[in-house]
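Student: I would like a close look at one part of this model. Please start with the strands and move on from there.

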Amino acid sequence: MPFGYVSIITVDIITPKALEGKKLAKQSKKADMQESLTFGYALHVTANYHRLAVTKFIKNKPQSSLTIKQLAILIVLTEEDGLYQMQIAQALSKNRPNMARLLSILEKQGYIERRKDEKNKKILRVFITEAGRNIVKKLASVRKEFHNTSLAGISEEDLKVTCKVLKKVKDNLMDEFKLNL
C-alpha cells in the first residue's frame, strides 16, 4: 500500500513513522502494510485481482475468445434483451465510448445486433443473437467453475453479508455523489 493513501473508512493504517525504529526487511514492511489495508484500497485490489483472474481463466478455456467485459454485456442482454446502449453501460459501470467499442466488437463477432428504436429512430437498442445466447450457455459451466474457485472457503452467510455491505457502499456513493454511470 503506498504511503499517503487516505480513505474515510480505515482499518488500522500503519504510517512510515510507526515503522521507524523497527528493523524490518522490506518484505516484512510490505506484508505489514498489506495486512492493514483501508477498505477502499482492499476493494480496489480485490476487484483488480478478480478482473485479471477472470480474464486469465476465460482465455485458458477453448470455448471462447471473449473478454470478461464482452461476456458481461452478453449476460446482461440474456437477462434483459433490447436495452439501450446507455442502460448496458450503467449496468456495467462503463462509459459511452468504451461501451460503443465493446458493442462494435460483439456485433462484428455476430453475438449482438443493434436496431433502431421503433419510437425514436435516433436511439439504438441492443439485442443478443442466437450465437450470443449459445456462447453464454457454453460458458455457463466455466463461469460456475470460476465462481466456485474464487469463493472457496467462504461461507454462504459471509458471502451474503459481503454482498449486502458492498451494495450499501455502492448505494451510499451513488446517492452522496449523484453518480449515474
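Student: Which residue in β3 is the bridge partner of Lys116?

Tutor: Leu124 in β3 is the bridge partner of Lys116. First, the ground rules. This is a predicted model: local features need pLDDT of at least 70, side-chain atom pairs count only at pLDDT 80 or more, and totals for chains, interfaces and linings use all residues. Residues are numbered from 1 along each chain as its sequence is written, and side-chain values use heavy atoms, without hydrogens and water.

Helices (H or I, at least four residues) and strands (E, at least two) are DSSP runs, numbered from the N terminus. Two strands pair if DSSP finds at least two bridges between them. Strand β2 (residues 112-116) pairs with β3 through 5 bridges, in the antiparallel sense. Strand β1 (residues 83-84) also runs antiparallel to β3 (residues 124-128), with 2 bridges. There, Leu83 stands opposite Val126. In a regular strand, side chains alternate between the two faces of the sheet.

Now helix α4 (residues 68-79). Its buried residues (under 20% relative accessible area, 1.4 Å probe, protein chains only) include Gln70, Ile73 and Leu74.

Conventions. Expected span 1.5 Å × (residues − 1). Buried < 20%, exposed > 50% of the residue type's maximum accessible area, 1.4 Å probe, protein only.
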